[in-house]
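I opened my notebook to walk through this structure one piece at a time. Come along and check each entry against the picture.

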Amino acid sequence: MSSRRSANIRWIVVAIGVLSLGIAWAAAPRSEPRQPPSQSVAAVAPAAVHHPVQLHLPAGLGTIDSGLRNVTGEPIGIACSNCHALHAEPPFIQKTTDLKRFHKDLRLVHGELQCGACHDPTDRDKLRLADERRIPMQDVVQLCGQCHGPQLRDWKHGAHGGMSGHWDLTKGGRVRNACVDCHDPHQPKYPTYAPVQKPRDRFLQSPHGEAPGHDAVPHAAPAPRAPTKAEAPR
Ligand code: HEC
Ligand code: HEC
Ligand code: HEC
Ligand code: HEC
């Protein structure tokens with residue numbers, strides 16, 4: 001018992017020692033200043049220009065496709081408020097099974113969510129966050145991100161959602177994809193694909209044992225195998 005207590009005291013003494021060393025280090029004057037002198041680098045190198053990061057959004061976001069095209073061949077979309085402003089139509093339908101007059105082919109397979117989780121009940125041109133704030137359709141990433149924090153974090157870091165352009169914004173701009181560029185908000189699950197055999201490259205493995213062209217040199221040499229009857233020299 002007493003030996004354990006003395007061991008405890010020893011640990012406390014060690015801990016205090018380490019702590020005070022740390023404090024002394026933090027308080028000690030530095031030989032090097034922490035901040036570079038104010039008129040150093042900026043005077044030599046011109047300030048770097050940062051190109052913009054743009055958000056790509058699907059064409060016709062927040063409109064219903066009329067099936068018609070304008071003179072330049074672009075699809076003509078109908079704004080939601082064209083119909084929804086006409087009739088304030090309570091009750092606000094929440095389930096796809098209640099859609100009897102319009103949007104009848106819409107399927108909602110997104111957890112247990114209902115229309116009101118994302119659409120504003122008073123202004124159908126807008127989306128609505130969980131705290132009832134109304135946001136424009138263009139801010140859809142904010143809507144998805146409020147429930148999908150890890151994906152939003154990854155998206156911000158560039159690990160989810162892809163991009164094109166430059167990492168180094170001093171060299172050029174960058175375009176990010178919005179969540180709805182890839183995910184249908186109503187059925188967001190990404191389709192799965194069955195893995196298939198890789199394509200067989202007829203230039204890499206010549207049935208006649210000829211050397212492949214230099215463009216076709218494989219990165220990893222295939223394991224040597226015994227020649228088949230057809231390949232064996234006659
Ligand atoms: C051509 C008219 C028309 C357009 C355009 C239209 N809607 Fe609707 N919408 C309706 C009707 C009618 C209903 C009621 C459905 C029913 O009763 O079957 C409805 C229902 C809905 C509902 C269910 C909640 C409710 O209001 O009862 C949502 C959400 C909705 N629409 C969103 C939109 C959005 C978003 C757009 C634009 C992208 C849009 N609608 C464009 C006619 C329209
Ligand atoms: C998870 C959020 C979310 C839920 C839940 C949701 N929507 Fe949407 N909806 C969106 C977003 C975001 C858009 C705009 C993006 C787009 O057009 O692809 C949209 C677009 C639409 C559109 C226009 C484009 C289209 O797909 O026809 C209609 C109509 C619509 N929603 C109706 C509904 C109805 C009706 C419900 C409920 C049965 C519902 N939505 C539930 C997020 C949601
Ligand atoms: C109000 C909260 C909420 C909002 C807003 C929301 N989601 Fe979801 N999302 C969910 C829930 C709940 C699930 C189901 C999780 C489960 O079943 O494990 C889900 C599932 C998903 C999945 C996985 C689907 C699957 O079946 O594996 C994707 C992808 C997704 N959401 C994308 C989006 C996108 C894109 C948006 C914006 C248009 C969005 N979500 C908006 C709550 C939300
Ligand atoms: C470039 C296309 C693309 C964009 C943009 C994108 N995603 Fe995804 N997302 C995917 C793919 C592909 C998967 C499926 C990955 C898998 O199955 O491993 C996925 C998976 C998901 C899942 C399901 C994760 C799981 O483990 O089941 C969620 C949730 C999700 N994305 C949310 C979002 C949100 C929120 C945004 C916007 C901030 C977004 N995604 C933007 C392509 C995209």
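Which element gives the most to the shell around ligand 3? I looked it up, and H4 does, with five residues. A reminder for myself before going on: this is a predicted model.

**Entry 1: ligand 3**

I listed 18 residues around ligand 3, and Gly-111, Cys-144, Cys-147, Pro-188 and Lys-189 come nearest. Two elements, H4 and helix H6 (179-182), each give two or more residues to this shell. Sorting the shell by class, I got 12 nonpolar, five polar and one charged.

**Entry 2: ligand 1**

Next I went to ligand 1, which has 19 residues around it. The closest of them are Cys-80, Cys-83, Ile-93, Arg-101 and Phe-102. Strand E2 (63-69) and helix H3 (81-84) are the elements that give two or more residues to this shell. The largest share, three residues, belongs to H3. By class I noted nine nonpolar, six polar and four charged residues here.

**Entry 3: ligand 2**

How many residues surround ligand 2? I found 21, and the closest are Leu-108, Leu-113, Cys-115, Cys-118 and Pro-185. The shell around ligand 2 splits into 15 nonpolar and six polar residues, with no charged ones.

**Entry 4: the whole chain**

I then stepped back to look at the chain as a whole. It has six helices and seven strands. Reading from the N terminus, I wrote their order down as α-α-β-β-β-α-β-β-α-α-β-β-α. The chain has 234 residues, and 3% of them count as buried. I also looked at contacts with a separation of 6 or more: 40% of these join residues 24 or more positions apart.

**Entry 5: a sheet**

Here I traced an open sheet of three strands, in the order E1-E7-E6, with mixed pairing. Its edge strands are strand E1 (53-56) and strand E6 (163-165), and each of these pairs on one side only. Neighbouring strands in this sheet are turned by 25 degrees against each other on average, direction ignored.

What makes the pairing mixed? I checked each pair in turn. E1 and strand E7 (residues 174-177) pair in the parallel sense over four bridges, whereas E6 and E7 pair in the antiparallel sense over three bridges. I picked out a residue pair on each side to follow by eye. His-56 stands opposite Asn-177 in E7, and Ser-164 has Val-175 in E7 as its bridge partner.

**Entry 6: the nonpolar core**

Which residues make up the largest nonpolar core? I counted six in all: Leu-127, Val-140, Val-141, Leu-143, Ala-178 and Cys-179. Helix H4 (residues 140-147) gives the most to this core, with three residues.

Leaving out residues up to four places away in sequence, Leu-127 touches Cys-118, His-119, Asp-120, Ile-135, Met-137, Val-140 and Leu-143.

**Entry 7: two residues with positive phi**

My last stop was the backbone angle phi. For His-103, phi is near 55 degrees, a positive value in a residue other than glycine. I located His-103 in the loop between H3 and strand E4 (126-128). Is His-103 buried or exposed? It is exposed, because it has 12 other C-beta atoms within 10 Å, and a residue counts as exposed at 12 or fewer.

Glu-132 also has a positive phi, near 70 degrees, and it too is a residue other than glycine. I found Glu-132 in the loop between E4 and strand E5 (134-136). Glu-132 counts as exposed because it has 8 C-beta neighbours inside 10 Å.

Methods
Residues numbered from 1 in each chain as written. Chains lettered and ligands numbered in written order. Predicted model: local features only at pLDDT ≥ 70, side-chain atom pairs only at ≥ 80, totals over all residues. Buried ≥ 20, exposed ≤ 12 C-beta atoms within 10 Å, placed from the backbone. Contact = placed C-beta atoms within 7 Å. Near = placed C-beta within 6 Å. Nonpolar A, V, L, I, M, F, W, Y, C, P; charged D, E, K, R; others polar. Pairing = 2+ DSSP bridges. Axes fitted to C-alpha atoms, helices over the stretch in contact; angles between N-to-C directions. Core = buried A, V, L, I, M, F, W, Y, C linked by C-beta atoms within 7 Å.
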